[in-house]
Amino acid sequence: WADWLNDMQEYANSVLEASRVELAWECAGQHPEQWDGFAPALSLMRVIKEALNNVVKHAQAGRVEIALSFVPGALEVAVKDNGKGFADKRPARGKGLANMEKRVKELGGQLSIKTASEGTTIRIAVPLPNDGIPT
């Protein structure tokens with residue numbers, strides 16, 4: 001878990017710092033000991049990276065908040081920016097959101113997008129089999 005979290009934080013810092021976007025990071029709850037062997041961790045990292053890339057490319061945000069929390073049987077992630085949002089849930093260009101939805105669905109999870117003129121929040125919930133024990 002520590003390596004995954006460190007890699008994710010380093011990526012977020014480098015991408016956002018280069019675009020002068022402030023980052024707030026929060027991690028709550030006790031992670032399962034078996035997380036390090038949890039195969040979907042890489043797919044989840046790719047979803048979060050795509051969300052951050054979208055912020056940099058489209059949001060015109062000054063701040064991003066990333067919150068990860070372990071709840072019984074699941075990991076919940078929220079990526080929230082204070083950018084301009086977008087009028088339609090599915091922008092015409094690119095496949096980033098569709099790819100994110102596909103990856104999360106393949107993990108058996110749920111992805112929701114809430115957007116408005118004051119920013120966008122992407123919430124991800126990914127189940128951890130057997131209360132955190134990967135299969």
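The side chains of Glu65 and Arg63 meet in a salt bridge, at 3.4 Å from N to O; a salt bridge here is a side-chain nitrogen of Lys or Arg within 4 Å of a carboxyl oxygen of Asp or Glu. Arg63 also pairs with Glu22, with the closest N and O atoms 2.5 Å apart. This is a predicted model, in which local features need pLDDT of at least 70 and side-chain atom pairs count only at pLDDT 80 or more, while totals for chains, interfaces and linings use all residues. Residues are numbered from 1 along each chain as its sequence is written, and side-chain values use heavy atoms, with hydrogens and water left out.

**Salt bridges**

- The structure holds 2 salt bridges, and Glu22, Arg63 and Glu65 are linked in a network of them.
- The Glu22–Arg63 pair links distant parts of the chain, 41 residues apart: Glu22 sits in strand E1 (residues 22-28) and Arg63 in strand E2 (residues 63-71).
- Glu22 is partly exposed, at 45% relative accessible area; the classes are buried under 20%, exposed over 50% and partly exposed in between, using a 1.4 Å probe and protein chains only.
- Arg63 is partly exposed at 29%, and Glu65 is partly exposed at 34%.

- Asp81 belongs to strand E3 (residues 74-81).
- Although buried, Asp81 has no salt bridge, and the nearest side chain of opposite charge, Lys80, is 9.3 Å away; for charges, Lys and Arg count as positive and Asp and Glu as negative, with His and the chain ends not counted.
- What the Asp81 side chain does reach is the backbone nitrogen of Gly83, at 2.7 Å.
- Not counting residues up to four places away in sequence, Asp81 touches Val55, Ala59, Ala61, Arg63, Val64, Glu118, Gly119 and Thr120, where contact means heavy atoms within 4.5 Å.

**Nonpolar core**

- In the largest nonpolar core, which has 34 residues, Trp4, Leu44, Leu52 and Ile124 touch the most other members; such a core is a set of buried Ala, Val, Leu, Ile, Met, Phe, Trp, Tyr and Cys residues joined through side-chain atoms within 4.5 Å.
- Two or more residues come from each of helix H1 (2-18), helix H2 (41-59), E2, E3, helix H3 (96-106), strand E4 (110-116) and strand E5 (119-127).
- H2 gives the most to this core, with 9 residues.
- Leaving aside neighbours within four places in sequence, Ile124 is in contact with residues including Leu44, Val47, Leu75, Glu76 and Val104.
- Glu76, in strand E3, is partly exposed at 36% relative accessible area.
- Beyond four places in sequence, Glu76 touches Ala67, Leu68, Ser69, Val71, Ile124 and Ala125.
- Glu76 and Gln110 lie 34 residues apart in sequence and 9.5 Å apart in space, C-alpha to C-alpha.

**Overall fold**

- The chain has 4 helices and 5 strands, taken as DSSP runs numbered from the N terminus, with at least four residues for helices (H or I) and at least two for strands (E).
- Along the sequence, the pattern reads α-β-α-β-β-α-β-β-α.
- Of the 135 residues, 39% count as buried.
- Among contacts with a separation of 6 or more, 66% join residues 24 or more positions apart.

**Confidence**

- The chain averages a pLDDT of 83, and 82% of the residues score at least 70; pLDDT is the predictor's confidence in each residue, from 0 to 100.
- Over residues 131-135 pLDDT stays under 50, and the model has 11 contacts for them beyond four places in sequence.
- Where pLDDT is low, the predicted coordinates should not be read in detail.

Definitions and conventions: Polar contact = N/O pair within 3.5 Å; in protein donor to acceptor, adjacent residues only side chain to side chain.
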